[in-house]
Amino acid sequence: MANILPPGTLAPDFALHVTPDQKLSLSELRGQPVIMAFYPADWSPVCGDQMALYNELLPEFQKFNAELLGISVDGVWCHEAFTHDRHLHFPLLADFEPKGGVARKYGAYREGDGICERALFVIDKTGKIIWSYCSPVAVNPGADGILQALEDLGK
Amino acid sequence: MAELKIPISAKDHLQGDANAPVILVEYGDYECPHCGRAYPMIKRVQKHFGAKLAFVFRNFPLNQIHPNAEAAAETAEFAAENERFWEMHDAIFENQESLGLEVFLLLAEQLKLSSAGLREALESGKYASRVKSDFIGGARSGVNGTPTFFINGDRFDGAPEFDELVAEIDGRM
């Protein structure tokens, strides 16, 4: 499995498209915790879809003032259709050009497969990674680790 | 390995003996087709193990993709308050193709429950906090989709199929 960036590392900044004409950079979110969820692909066929789960948990994440970002190598139009279809209420970033460029910086790119790992990062308000986890690609990691990390952050 | 963070208590809907050697917990969504398929399978698993297995159902409605899941969960909780949880749980899964207020009210009547009482409970969200607390407890325990099973507190990451569940439960007997 990939060697993802460990806790204590400064989270590499990036600017990626969230919509066809809008970009979002990590540094814009300084001052609040950020959850970065790299995932292999849009259109996972099961109800157990990771993004659907996080979508339901947004109010919990918001209790910690945390912003959730989903990231995959899918393009903006694909993300837009997926977001619409699944009623997602958080941004999906397109790590599309150069493909997987941001995932590589986080150690979360699967070279042979050309997709992101299922890797999670919780970043504190100063931009430092405080928790990271890489799940086997077929296993949806759930949200317990994220919630625990956010809780520990508040202590 | 993800673990069940919320211990089984008297608040739970439990079928069988709370002191059985193995307790199977399902976090489920009444509108999820995978849960619908798991429903008869669980009955077979229960039959297979008899009194040696207890079964607990907790709510995990994915409301953004399943618009009737929350009301279905609250309907089952309403039935629970009237001691008819399992009948309602079964009836909802058996009518999964046609979920909606009309069906919930009809099922209540069939179970000799007050359909007016159910309508009022759904409108006021009387059982919403119960459903929510199941959901949050599940998320904290590593529920990652529906259905998610826990066997004696450990998350079961295999396929929700009879043979796999039976093998895992056998290992705990």
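Strand 2 of chain B, helix 1 of chain B and strand 3 of chain B form a right-handed β-α-β unit. Right-handed here means that, with the strands pointing away from the viewer, the path from the first strand over the helix to the second runs clockwise. Helices (H or I, at least four residues) and strands (E, at least two) are DSSP runs, numbered from the N terminus. The model is a predicted one, in which local features need pLDDT of at least 70, side-chain atom pairs count only at pLDDT 80 or more, and totals for chains, interfaces and linings use all residues. Residues are numbered from 1 along each chain as its sequence is written, while chains are lettered from A and ligands numbered from 1 in the order in which they are written.

The unit belongs to a description of the sheet in chain B. This open sheet has 5 strands in the order 1-3-2-4-5, with mixed pairing; two strands are said to pair if DSSP finds at least two bridges between them. Strand 1 (13–15) and strand 5 (154–156) of chain B stand at the edges with a single partner strand each, so one side of each has no neighbour in the sheet. From one strand to the next, the twist averages 25°. In general, the strands of a sheet pair through backbone hydrogen bonds, either parallel or antiparallel.

Both senses of pairing can be followed from strand 2 of chain B. Strand 2 of chain B pairs with strand 3 of chain B in the parallel sense over 7 bridges, and B:Leu24 stands opposite B:Phe55 in strand 3 of chain B. Strand 2 of chain B and strand 4 of chain B, in contrast, run antiparallel and are joined by 4 bridges; there B:Glu26 has B:Phe149 in strand 4 of chain B as its bridge partner. Strand 2 of chain B is also mostly covered, with 6 of its 7 residues buried. A residue counts as buried if 20 or more other C-beta atoms lie within 10 Å of its own, as exposed if 12 or fewer do, and as partly exposed in between, the C-beta atoms being placed from the backbone.

Further along the sheet, strand 4 (residues 148–151) of chain B pairs with strand 5 of chain B in the antiparallel sense over 3 bridges. B:Phe149 stands opposite B:Phe156 in strand 5 of chain B. Two helices pack on the sheet. Helix 1 (residues 33–49) of chain B touches strand 2 (22–28) and strand 3 (53–59) of chain B, and its direction makes about 160° with that of strand 3 of chain B. Helix 6 (residues 128–140) of chain B also touches strand 2 and strand 3 of chain B, but its direction makes about 110° with that of strand 3 of chain B. For these angles, axes are lines fitted to C-alpha atoms, for helices over the stretch in contact, and angles run from 0 to 180 degrees between N-to-C directions. In the loop between helix 6 and strand 4 of chain B lies B:Pro147, which a cis peptide bond with omega about -5° joins to B:Thr146.

Chain A contains a hairpin. Its strand 8 (residues 118–123) and strand 9 (residues 129–135) run antiparallel and are joined by 6 bridges. A:Val122 stands opposite A:Trp131 in strand 9 of chain A. The hairpin has 5 residues between the strands, and A:Gly127 takes a positive phi near 95°.

Why does A:Asn65 count as exposed? A:Asn65 counts as exposed because it has 12 C-beta neighbours inside 10 Å. A:Ala66 is buried, with 23 other C-beta atoms within 10 Å. Leaving aside neighbours within four places in sequence, the contacts of A:Ala66 include A:Val34, A:Phe61 and A:Leu150; residues are in contact if their C-beta atoms, placed from the backbone, lie within 7 Å. A:Asn65 has a positive phi of about 60° although it is not a glycine.

Finally, the two chains meet. In this meeting, 17 residues of chain B are in contact with 19 residues of chain A. On the side of chain B that touches chain A, the largest share, 3 residues, comes from helix 6 of chain B.
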